Amino acid sequence: MNRRATLAAALALTAGLTLAGCSADGRPELKVVGAFMPQPVNDMAAGFLVVQNSGDAADRLTSVTSPISDDVTIHESKDQKMREVSSFEVPANGRLDLERGGSHIMFMKLKQKPKQGEKVSVELRFEKADPITVDLPVKETTHNPKKP
C-alpha cells in the first residue's frame, strides 16, 4: 500500500510539472524595433514602430500613452481612410508593423512640438504582456525607413 501511495504521488508530481511547463511556454515575448516620429509640423504627430513577438502566444496592443499628449490613439489606414481602433493584434511568432500609409500611433494636441534629434517617450500597453516604454527618435518630416 505504501508503494502505491508513493507511485501515485510521483505521478501526480510529474503531471503537475508537465502542466506548469506547458503554461509557461504560451506567453508572448515582445520587443520593439525601428521606432521613430517624423518631426511634427502642427499640433499633431504620428509614431511608427514594429512590435516583434518571438513567443508562442499572440497578444494585442491595446493603448499608448505619452507625456507629450493627453490624446494618444492607435489608428489604421484602409482604402486611404484613417480610423481609430481599440487594439492591434501582435501574432505569435510574428510582428505588428506600425508604418507610414498603414497602422500607426496618433498624437493629438501636442503639449510641445519635438524637434529633429530629440526623443519622445511612449508606453505601449498590451492585453497580456507587461507595458513597454520606448523612446521614439524624432526624424525629418519625410523620413521613411526600410522595413526591419
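Me: Let me start with one residue I clicked on: in which strand is E76 found?

Reply: E76 sits in strand 4, which covers residues 71-78. Helices (H or I, at least four residues) and strands (E, at least two) are DSSP runs, numbered from the N terminus. Before going on, know that this is a predicted model, where local features need pLDDT of at least 70, side-chain atom pairs count only at pLDDT 80 or more, and totals for chains, interfaces and linings use all residues. Residues are numbered from 1 along each chain as its sequence is written, and side-chain values use heavy atoms, with hydrogens and water left out.

Me: How many helices and strands does the protein chain have?

Reply: There is one helix, and there are ten strands. Reading from the N terminus, the order is α-β-β-β-β-β-β-β-β-β-β.

Me: What does pLDDT tell me, and what is its mean for the protein chain?

Reply: pLDDT is the predictor's confidence in each residue, from 0 to 100. The mean for the protein chain is 86, with 82% of its residues at 70 or more. Residues 6-24 are another matter: their pLDDT is below 50, and beyond near neighbours in sequence this stretch has zero contacts in the model. Where pLDDT is low, the predicted coordinates should not be read in detail.

Me: Back to E76: is it buried or exposed?

Reply: The idea is to look at relative accessible area: buried means under 20%, exposed over 50%, and partly exposed in between (1.4 Å probe, protein chains only). E76 has 11%, so it is buried. Across the protein chain, 36% of the 148 residues are buried.

Me: And what is E76 in contact with?

Reply: Contact means heavy atoms within 4.5 Å. Leaving aside neighbours within four places in sequence, E76 is in contact with K81, M82, R83, V85, F88, G102 and S103. For the protein chain, take the contacts with a separation of 6 or more: residues 24 or more positions apart account for 71% of them.

Me: R83 is in that list. Which residue forms a salt bridge with R83?

Reply: A salt bridge is a side-chain nitrogen of Lys or Arg within 4 Å of a carboxyl oxygen of Asp or Glu. R83 forms one with E76, and their closest N and O atoms are 2.5 Å apart.

Me: How many salt bridges does the structure hold?

Reply: Four. Another of them joins the side chains of K111 and D70, at 3.0 Å from N to O. K111 lies in the loop between strand 8 (104-108) and strand 9 (119-126), while D70 lies in the loop between strand 3 (59-65) and strand 4, so this pair ties together parts that are 41 residues apart in sequence. K111 is partly exposed at 49% relative accessibility, and D70 is exposed at 70%.

Me: Which residue does E123 pair with in a salt bridge?

Reply: That would be R125, with the closest N and O atoms 2.8 Å apart. E123 is partly exposed, with a relative accessible area of 23%, and R125 is also partly exposed, at 33%.

Me: I also see D135. Where is D135 found, and what does it touch?

Reply: D135 is in strand 10, residues 132-139. Not counting residues up to four places away in sequence, D135 touches A35, K119, V120 and S121. D135 is partly exposed at 44% relative accessibility. The C-alpha atoms of D135 and E123 are 8.8 Å apart, and the two residues are twelve apart along the chain.

Me: Now the strands: which sense do strand 3 and strand 9 pair in?

Reply: Two strands pair if DSSP finds at least two bridges between them. Strand 3 and strand 9 pair in the antiparallel sense over four bridges, and V64 stands opposite L124 in strand 9. Strand 3 also runs antiparallel to strand 6 (residues 88-90), joined by three bridges. There, D59 stands opposite V90.

Me: Why is strand 8 largely enclosed by the rest of the structure?

Reply: Because four of its five residues are buried. Strand 8 is joined to strand 4 by five bridges, running antiparallel, and to strand 2 (residues 45-53) by three bridges, again antiparallel.
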